[in-house]
Amino acid sequence: MGWAVALHGGAGDIPRSLPPDRREPRLATLRRCLDLATAALRSGRAALDVVELVVRELENCPHYNAGVGSVLTADGTVEMEAAVMDGNTLRCGAVSGLSTVVNAVSLARLVMEKTPHIYLAFDGAEAFAREQGVETKDPSHFITEANKERLRQAKEANRVQVDYTQPIPKDDNSRVGTVGCVAIDSAGNLATATSTGGLVNKMAGRIGDTPVIGAGTYANALCAVSATGVGEAIIRHTVARDVAALLEHAPPGASLGDAAARVVAGVPPGKVGLVAVSAAGEVAMAYNTTGMFRACATEGGRHEVAIWPDDADGAN
């Protein structure tokens, strides 16, 4: 069995022509985060600590749509959201509508551990962040020139999207963004964490799947799941919870890979990807999009970093 970890940096219509200057920094970050996770798990760190550690690192990378790389609303503002969940206890925490918190995932954990609630949003979440003394920055810290340009192009095309490509072709439907991590530690504890800036040109106040427990984020004693893609589709299909439900109601010996593939196949094409780990130490990374930035490692020796279906261990 042993420990296992998987992480993602978004699923979508990622073109194979994605320029190296946009592809390689993201792959390098995935490799670095995978190294951090494996070192932490080998040293005996708890799964919940590991998923928070990894997602914080992804939030601090401007090349992903979370934290400092968060895309902009139609008003030109940032509204970040995140969630964490501990599988063995079903404890969870979630936040939405953040504009100043450097690491939304850590605030979500504080909601889980320091309040009687599960979900805080907007002004209430910001006030809680100040009360807890977490690191904050002026909202301008999170607004990058690249994301200003993405918003300009999305407005010009009159659509809502998340996109890795620049410039954005008129007929392009690329959707990528959310970051997430799932892990099982050597003691058998499962955990998941997910964070995102949402969709380019989304309405102010829009909430996606990431902080909705059971949609974009879920863990129990059988598995941990983090989803990515189009939030509205993920919410409608309760993607993360459905993977766990299939394992709960399946015959003994059911495969996590089969459950993940079945759930992803039930969502309209081009809308979803997920990473998952099971209590047996299995890893699943499934998606119905062109690609998904993803990585995983297990105590048994599996090691993978990839974007598209046929480029495991490097996407070179």
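The questions and answers below cover cysteines, an annotated site, a surface patch and salt bridges in a predicted model.

Student: How many disulfides does a search of the whole structure find?

Tutor: A disulfide needs two cysteine sulfur atoms within 2.5 Å. The cysteine sulfur nearest to that of Cys33 belongs to Cys61, 7.8 Å away, and Cys33 is in no disulfide. For Cys92, the closest cysteine sulfur is in Cys223, at 14 Å, too far for a bond. The search of the whole structure gives a count of 0.

Student: Is Cys92 buried or exposed?

Tutor: The cut-off for buried is under 20% relative accessible area. Cys92 has 9% relative accessibility, so Cys92 counts as buried.

Student: What is the relative accessibility of Thr178?

Tutor: Buried means under 20%. Thr178 counts as buried because its relative accessibility is 6%.

Student: What accessible area do Ile118, Tyr119 and Ile207 have together?

Tutor: These residues form a nonpolar patch on the surface. Ile118 lies in the loop between α3 (104-114) and β4 (119-121), and is partly exposed at 44% relative accessible area. Together, the patch residues have about 240 Å².

Student: How many residues apart are Glu232 and Arg206?

Tutor: Glu232 and Arg206 form a salt bridge, with the closest N and O atoms 3.0 Å apart. The pair links distant parts of the chain. Glu232 is in helix α6 (residues 231-236), and Arg206 is in the loop between β6 (190-196) and β7 (217-219). Their separation in the chain is 26 residues.

Student: Which residue forms a salt bridge with Arg294?

Tutor: Arg294 is in strand β11 (residues 291-298), and its partner is in strand β12 (residues 303-306). Arg294 is buried, with a relative accessible area of 4%. The partner also meets Arg302 in a salt bridge, at 3.2 Å from N to O. With Arg294, the closest N and O atoms are 3.6 Å apart, and the partner is Glu304.

Student: Which residues do salt bridges that share partners join into one network?

Tutor: One member, Arg109, lies in helix α3. Arg109 is buried, at 14% relative accessible area. Its contacts beyond four places in sequence include Asp49 and Glu52. The network joins Arg45, Asp49, Glu52, Arg109 and Glu113.

How values were computed. Residues are numbered from 1 along each chain as its sequence is written. This is a predicted model: local features need pLDDT of at least 70, side-chain atom pairs count only at pLDDT 80 or more; totals for chains, interfaces and linings use all residues. Side-chain values use heavy atoms; hydrogens and water are left out. Buried means under 20% relative accessible area, exposed over 50%, partly exposed in between (1.4 Å probe, protein chains only). Patches are made of residues with over 30% relative accessible area and no salt bridge: like charges are joined within 9 Å, nonpolar side chains (Val, Leu, Ile, Met, Phe, Trp, Tyr) within 5 Å. Accessible areas come from the Shrake-Rupley method with a 1.4 Å probe; for residues, only the protein chains shown count as cover. A salt bridge is a side-chain nitrogen of Lys or Arg within 4 Å of a carboxyl oxygen of Asp or Glu. Helices (H or I, at least four residues) and strands (E, at least two) are DSSP runs, numbered from the N terminus. Contact means heavy atoms within 4.5 Å.
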